There are 2 protein chains.
Amino acid sequence: MNNKGQHVVLDAYFQHPVTDLDVERACDQAIHQSNMTVISQVKKQFSPKGMTAVWLLAESHFSVHTFPEQNYISVDCYTCGDEGNPMAAIDSLVRKLKPITANIQVLDRG
Amino acid sequence: MNNKGQHVVLDAYFQHPVTDLDVERACDQAIHQSNMTVISQVKKQFSPKGMTAVWLLAESHFSVHTFPEQNYISVDCYTCGDEGNPMAAIDSLVRKLKPITANIQVLDRG
């Protein structure tokens with residue numbers, strides 16, 4: 001596989017609390033709508049709330065960390081080669097979850 | 001947990017092939033030497049070679065993707081709060097694996 005890729009990170013704040021389940025579902029949908037191939041997913045649910053979830057992709061990975069006390073989530077999506085479109089996935093996530101601020105940074109990799 | 005964090009990404013090229021096992025061991029050591037707490041690890045070994053491995057950390061995550069045909073690895077280490085030191089982990093990895101080029105980018109998160 002071509003090792004040139006794109007890495008997109010998102011820092012998003014919400015006006016109102018968003019549940020970990022809603023965040024996870026929105027990430028799942030964003031990944032599938034962007035034609036990425038999920039190999040596996042691993043998740044840690046913290047107590048009483050807060051979550052880390054990572055999807056291993058054929059194209060690289062997608063991760064989300066939630067901080068419900070701060071109404072904040074951090075996301076990164078990294079894909080290699082010509083298959084994935086991490087910006088489309090992040091766009092889809094932002095349209096779905098509607099944060100009040102969404103800071104997006106794009107890195108060229110490889 | 002404090003949602004302010006640091007995200008360090010590394011693009012490294014080697015003069016000679018490095019095995020997936022050597023990369024994984026070096027990442028493991030770098031994580032432990034930087035006093036991060038591993039919650040779990042997930043890995044995909046591609047055929048005939050090439051690997052994706054992600055460590056979920058109490059402090060956030062560490063990932064590596066190997067591209068043996070290009071003598072290249074891409075790494076990211078993201079930690080939140082005051083606990084982790086992602087730059088120390090990346091430094092440790094570079095000292096251990098001795099790539100011929102190591103491009104490091106540091107992002108403030110949160």
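**Note on a predicted two-chain model**

1. Ser92(B) is buried, with a relative accessible area of 4%; here buried stands for under 20% relative accessible area, exposed for over 50%, and partly exposed for what lies in between, using a 1.4 Å probe and protein chains only. The residue belongs to helix 2 (residues 86-97) of chain B, where helices are DSSP runs of H or I with at least four residues, strands are runs of E with at least two, and both are numbered from the N terminus. If its neighbours within four places in sequence are left aside, Ser92(B) is in contact with Ala30(B) and Gln33(B), contact being heavy atoms within 4.5 Å.

2. On the basis of these values: the model is predicted, so that local features need pLDDT of at least 70 and side-chain atom pairs count only at pLDDT 80 or more, while totals for chains, interfaces and linings use all residues. Residues are numbered from 1 along each chain as its sequence is written, chains are lettered from A and ligands numbered from 1 in the order in which they are written, and side-chain values use heavy atoms, with hydrogens and water left out.

3. Chain A holds an open sheet of six strands in the order 2-3-4-5-1-6, with antiparallel pairing, two strands being taken as paired if DSSP finds at least two bridges between them. Strand 2 (38-45) and strand 6 (101-109) of chain A stand at the edges with a single partner strand each, so one side of each has no neighbour in the sheet. Neighbouring strands are turned against each other by 10 degrees on average, direction ignored; the axes are lines fitted to C-alpha atoms, for helices over the stretch in contact, and angles run from 0 to 180 degrees between N-to-C directions.

4. Within this sheet, strand 1 (residues 5-13) and strand 6 of chain A pair in the antiparallel sense over nine bridges, and Val9(A) stands opposite Gln105(A) of strand 6 of chain A. Helix 1 (residues 20-33) of chain A lies across strand 2, strand 3 (51-57), strand 4 (60-67) and strand 5 (72-80) of chain A, and runs at about 15 degrees to strand 3 of chain A.

5. Several loop residues deserve a check of the backbone. A cis peptide bond, with omega about 5 degrees, joins Ser47(A) and Pro48(A), and Pro48(A) lies in the loop between strand 2 and strand 3 of chain A. In chain B, a cis peptide bond joins Ser47(B) and Pro48(B), again with omega about 5 degrees. Asn71(A), a residue other than glycine, has a positive phi near 50 degrees and is found in the loop between strand 4 and strand 5 of chain A. Asn35(B), which is not a glycine either, has a positive phi of about 60 degrees; it is found in the loop between helix 1 (20-33) and strand 2 of chain B, and is exposed, with a relative accessible area of 62%.

6. How many residues of chain A are in contact with chain B? There are 35 residues of chain A in contact with 35 residues of chain B, and the area buried between the chains is about 2,700 Å², of which carbon and sulfur atoms give 61%. In chain A, Asn3(A), Leu56(A) and Arg109(A) lose the most area to chain B, together 19% of what that side buries. Buried area is the accessible area (1.4 Å probe) that two parts lose on being put together, summed over both.

7. Two salt bridges are counted between chain A and chain B, a salt bridge being a side-chain nitrogen of Lys or Arg within 4 Å of a carboxyl oxygen of Asp or Glu. In one of them the side chains of Arg109(A) and Asp11(B) meet at 2.9 Å, N to O, and the pair crosses from Asp11(B) in strand 1 (residues 5-13) of chain B to Arg109(A) in strand 6 of chain A. Asp11(B) is buried at a relative accessible area of 2%, and Arg109(A) counts as buried at 3% relative accessibility.

8. The whole structure holds four salt bridges over all chains. Glu24(A) forms one with Lys43(A), the closest N and O atoms being 2.9 Å apart, and this pair links helix 1 to strand 2 of chain A, 19 residues apart. Glu24(A) counts as buried at 11% relative accessibility, whereas Lys43(A) counts as partly exposed at 39%.
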